[in-house]
Structures are given as C-alpha cells and as structure tokens.
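Student: Could we go through this model together, from the overall picture to how some helices pack?

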Amino acid sequence: MGVQVKVKQHERAPVAASVTASAELPLDQILMSDCIAAMRSLPAKSIDMIFADPPYNLQLGGDLNRPDGSHVDAVTDDWDKFDSLAIYDKFTREWLAEAKRILKDTGTIWVIGSYHNIFKVGSAIQDLGFWILNDIVWRKANPMPNFKGTRFTNAHETMIWASMGEKARYTFNYRTMKTLNDELQMRSDWEFPICGGPERLKKDGHKVHPTQKPEALLYRVLLASTQPGDVVLDPFFGTGTTGAVAKRLGRHWIGIEREPGYCAAAIERIDAEMPLDESALRTMQAPKGAPRVAFGALVENGYLEPGTILSDSRRRMRAMVRADGSLESEGVTGSIHKVGATLQNAPSCNGWTFWHYEAEDGLKPIDALRQTYLLATQP
C-alpha cells in the first residue's frame, strides 16, 4: 500500500504523495500519478471546485521557428500527444466523469483550452450532465504572433465554467467580482498578459513548463467561485499555479501531476507562498448572503462608544451616536440610514458607507467596524 502523507497547509512544505484509496482527502498535497487513477482514489462528492488545464492536443507538425530561424519554445512534450482524436475524446470523457463523481452537488468545474480542444471538452461536459454557466475568454495582452503568417494570431483561450446541473446551487461571489472590477459588473472577457517575468519558472534558462498560467487568472477564478476553506482540485497541476494561489487565498488544494520535475517545481513554489491574513481575505458579500448586523450591536459591544461623533467622508455632516444605537443630528434622530437620508434630503441612504468615524489613520466608514465585528463573531 502506498504511503499517504498529510500536511497542514501553514506548517510544512507540500509533499508529493503516492495515491491510495482513503476516506480522507489529501489536503494541500500533490498526488504524483495519472490524473484519472488519482481522481478514482478520492471520495465522491468531496471537492468544492475543480480547475483543469488539460493537454490541448495541439497536433503540432514539426518544430516551430521564427522568421529569423530561431526556435520557438512551444508545447512538444509527450503528455500533449495523442495518437488520434478518438483517443483524446476517450481520455477527456474519462477524466470529466471522475470530476463529476468527486464534485459536491454545489461544486463547479473550470476547464481552460484553446481551439484545438475546447469544443470537444465542452461537448463532453454537456453530455455528462454538467450545466455550462459561462464561457470566459482570456484575451492575452501579449500573445505569441503567428510566425508563418498563414492564420490570425491566436490571442485568446477559452474557459468553460459549469455547475453540476441545470438546477444545481453553486458559489458565485458576484459582489466580490463587482468590487474587483471598480463597481462594474464583471464581464466574460478577461484580459491578462501571458505568464512572464519573475513569475515564469525557468531552469537552466528554459521554461519549466510550456503552458504555465498567470497567477492573476487563477486569482480571479478562485475569488469568484470559492470560499475560504473550500477544497480546490487541479488534476493537471503542472508547476502548481492553482496551489500557490489557493494557499494565498486561504483555500485548500489538491494537485495531481505525473511528471516528477513539475512536482518538484510546484513544491518549491508553494512552500514559498505566504497566505494572506484573515482580514485581507474579507471580500464584499452579496446583500442577500451577508449576515445582518444591527448598528446597535457595535455600540453595545464597545466598537463605538455613545457620544462618538460620526461624519460623512467630507466632514460636511455630523451626527452623534446615542446609547440605543440611533443617531442625533440637528434635531433629527433615527437609524444610521434614516438620519443620513434626511440630512441629504434623499429618498434613501446606506448608512454603513455614508457615516465615518475617526481612526488613527483618518476617516473610516463604519462598515469597516461591521466587518471587524463579523470576523470576531462568525464561526
């Protein structure tokens, strides 16, 4: 029987572990194995989200050279080669079937690909009963040009995001995405540069992995469709981009990768990653999902003392906090929302963002105190 290593995320480096059937999940580890065999060892309905970057089956015919004759470091590895489209289709359906089995009923799957494979992947996803929520276009800010001049430059890849079924519930942090996008609804076309600079892993002057994805892409994916503590599986782990971002964002991860060199690079990379502290991980919640907090709870728990003076962000309007959690300003009394609306002669007011208190580093919205209270009181 293979040895299964359990590693707590913040205590030691991740370990490449052999695969064995177990009722427990190998959290924050790499399973060095074929992806289908490794997924078969995992319990059913145990994973919150899968991000998959499968072989694209690029079908490249010979070496690719630039006009000056220099060699292009493209994907020529054996793991991207399949003898026929039928064999690739069979492989795709097998790993997606295991993905369907191990995802929770509320789980989702993301699959990224190019025109070589994404349409076949999408067909298999639908045939297996997944429900496609979006196709996301990753538009590359700095794509590799078409050196032969025989086609349009391939400047994007496609991600399919799917739930477990048409009626399935799933995580989508809509408010977080809107906040991330300067209070505009996040669109399905995302622009990021391809992986480069210090982020691109190299060894002896060569790329460690030819299709390493930018961390910004995974950051948005995980922030959009998972919660802290969720378990994210990447069955084509490569050099560990998913694991590095998951660790930073306080999510658990499981990686599956059969190439020892990629595993070694991923372990070193993830071990060096520092998780964000809890306060930095707080994100805006959708109004219907946010726990309700009465302003009076902040007063009675000592976050704001009775008699504290609140003001708007420009210090034009002032109000005093009363012992019962109401405000008083210029003869007007009532809730934080009512007083704010009355003073502005407006039909409504979000008092949490309108009213500010004096902190050591300047004015802060009282919503910051609400979020601190929630952190301290929510399980």
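This is a predicted model: local features need pLDDT of at least 70, side-chain atom pairs count only at pLDDT 80 or more; totals for chains, interfaces and linings use all residues.

Student: What percentage of the 379 residues in the protein chain is buried?

Tutor: Buried means under 20% relative accessible area, exposed over 50%, and partly exposed in between (1.4 Å probe, protein chains only). Of the 379 residues in the protein chain, the buried share is 44%.

Student: At what angle do the axes of helix 5 and helix 6 cross?

Tutor: Axes are lines fitted to C-alpha atoms, for helices over the stretch in contact, and angles run from 0 to 180 degrees between N-to-C directions. For helix 5 (residues 215–225) and helix 6 (residues 241–248), the axes come within 9 Å, and the crossing angle is roughly 55 degrees.

Student: Which word describes how helix 5 and helix 6 lie to each other?

Tutor: Angles under 35 degrees count as roughly parallel, over 145 as roughly antiparallel, 65 to 115 as roughly perpendicular and the rest as oblique. The axes cross at roughly 55 degrees. Helix 5 and helix 6 are therefore oblique.

Student: How is helix 6 oriented relative to helix 7?

Tutor: Helix 7 covers residues 260–272, and helix 6 packs with it at an angle of about 15 degrees, the axes being 9 Å apart. That makes the orientation of helix 6 to helix 7 roughly parallel.

Student: Is V245 buried or exposed?

Tutor: V245 is found in helix 6. Its relative accessible area is 0%, so V245 is buried.

Student: Which residues does V245 touch, not counting residues up to four places away in sequence?

Tutor: Contact means heavy atoms within 4.5 Å. With residues up to four places away in sequence not counted, V245 touches E215, L218, Y219 and L222.

Student: How far apart in space are V245 and P275?

Tutor: In sequence, V245 and P275 are 30 residues apart. From C-alpha to C-alpha, the distance in space between V245 and P275 is 8.8 Å.

Notes:
Residues are numbered from 1 along each chain as its sequence is written. Side-chain values use heavy atoms; hydrogens and water are left out. Helices (H or I, at least four residues) and strands (E, at least two) are DSSP runs, numbered from the N terminus.
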